[in-house]
Amino acid sequence: MSPAVDQYGVFGHPVAHSLSPFIHGVFARDTGQQMTYRAYDVAPEEFTERVAGFFADGGRGLNITLPHKIVAVEVVQELTARAAHAAAVNTLALQGDNVLLGDNTDGGGLVRDLCDNLGLIITQRRVLILGAGGATRGVLAPLLGLEPAIVVIANRTPERAEALAAAFADLGVTQGVGFEYVGETPFDLIINATSASLSGDIPPIPAGAIGPQTVCYDLAYGRSAMAFVRWAQQSGCVRAVQGLGMLVEQAAESFRLWRGVRPQTAPVLAALKARIGSV
Ligand code: NAP
């Protein structure tokens, strides 16, 4: 017997703090979609079995968050090109032919926030990404698609930055370095994709990398982004932003894949900023 309402959700561990049920609940209400969306705490050792169980019970789609994004690549029958590039999946969608599709909407969400919400121009601009983990890998292809002059990837472990720069060199001009080799020429955009803020640490980049025209963007949001945002403001950037917009935009991309309708993002972003604090 099929359920009356289509079921969606997010698998993570931990996941109690997730804002996704709120975001998708507002999207569903605003677009008149009949669906439910719940957060499921799923331990790594039960991930594959729980995914199979969710879809066997009639589930239609899942968001996948930490720590499951990489292993999720293994459970799908088909990958979108951007998920293949990212080697990570944040969205599962059961298609009409019962084929499970894996997508990665993180990079598309970031690009939407940068270009549509913040009105930034990336083409021919100098971009610095701090960090060379899963988030950086996920956003590189969509970012390079905007044809920046260069994307410099700087990381605490320089070899990981060098490897990522090499892996994406066919999509644009990339360079991988350690923090101290970022240089003194100001960047137009600095994206913090490290998890350093979680412990209040700031990547030690040269002071000259931030100029009066530099926009600083932390992929993290809420309290986790405060250390970087404050540091960027004190360093004289023109604007410092947290990653709430990316979170909402990646959710909207997932919603569109599942329901075939793209929800308005401004109302839910405004509600979240009021709830969490806006920068
Ligand atoms: P990850 O794969 O664990 O990578 C963590 C990165 O941070 C690595 O490059 C690591 O360097 C670096 N790092 C950790 N601690 C550091 C420190 N104290 N100083 C300097 N560098 C440090 O994590 P991830 O999945 O890429 O996530 C990164 C951030 O993006 C998180 O804050 C996450 O919440 C955020 N995010 C936000 C969204 C959104 O929708 N807004 C989406 C995805 C991710 P090493 O390589 O040297 O270890």
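Let's start with a charge and a ring. The charged end of Arg-50 sits over the ring of Phe-11, 5.8 Å from its centre. "Over" here means that NZ of Lys or CZ of Arg is within 6 Å of the ring centre and within 35 degrees of the ring normal. Arg-275 does likewise with Phe-22, at 4.7 Å from the ring centre.

A word on the source. This is a predicted model: local features need pLDDT of at least 70, side-chain atom pairs count only at pLDDT 80 or more, and totals for chains, interfaces and linings use all residues. Residues are numbered from 1 along each chain as its sequence is written, and side-chain values use heavy atoms, with hydrogens and water left out.

Now ring against ring. How many aromatic pairs does the structure hold? Nine. Rings of Phe, Tyr and Trp (its six-membered ring) pair if their centres lie within 6.5 Å; planes under 30 degrees apart are stacked, over 60 edge-to-face, the rest tilted. Phe-11 and Phe-47 have ring centres 6.3 Å apart and planes at 80°, so this pair is edge-to-face. Phe-11 lies in strand E1 and Phe-47 in helix H2, so the pair ties together parts 36 residues apart in sequence. Helices (H or I, at least four residues) and strands (E, at least two) are DSSP runs, numbered from the N terminus. Both Phe-11 and Phe-47 are buried. Buried means under 20% relative accessible area, exposed over 50%, partly exposed in between (1.4 Å probe, protein chains only).

Next pair: Tyr-37 and Trp-258. Theirs is tilted, 6.2 Å centre to centre, with 45° between the planes. Tyr-37 is in strand E2, Trp-258 in helix H8, 221 residues apart.
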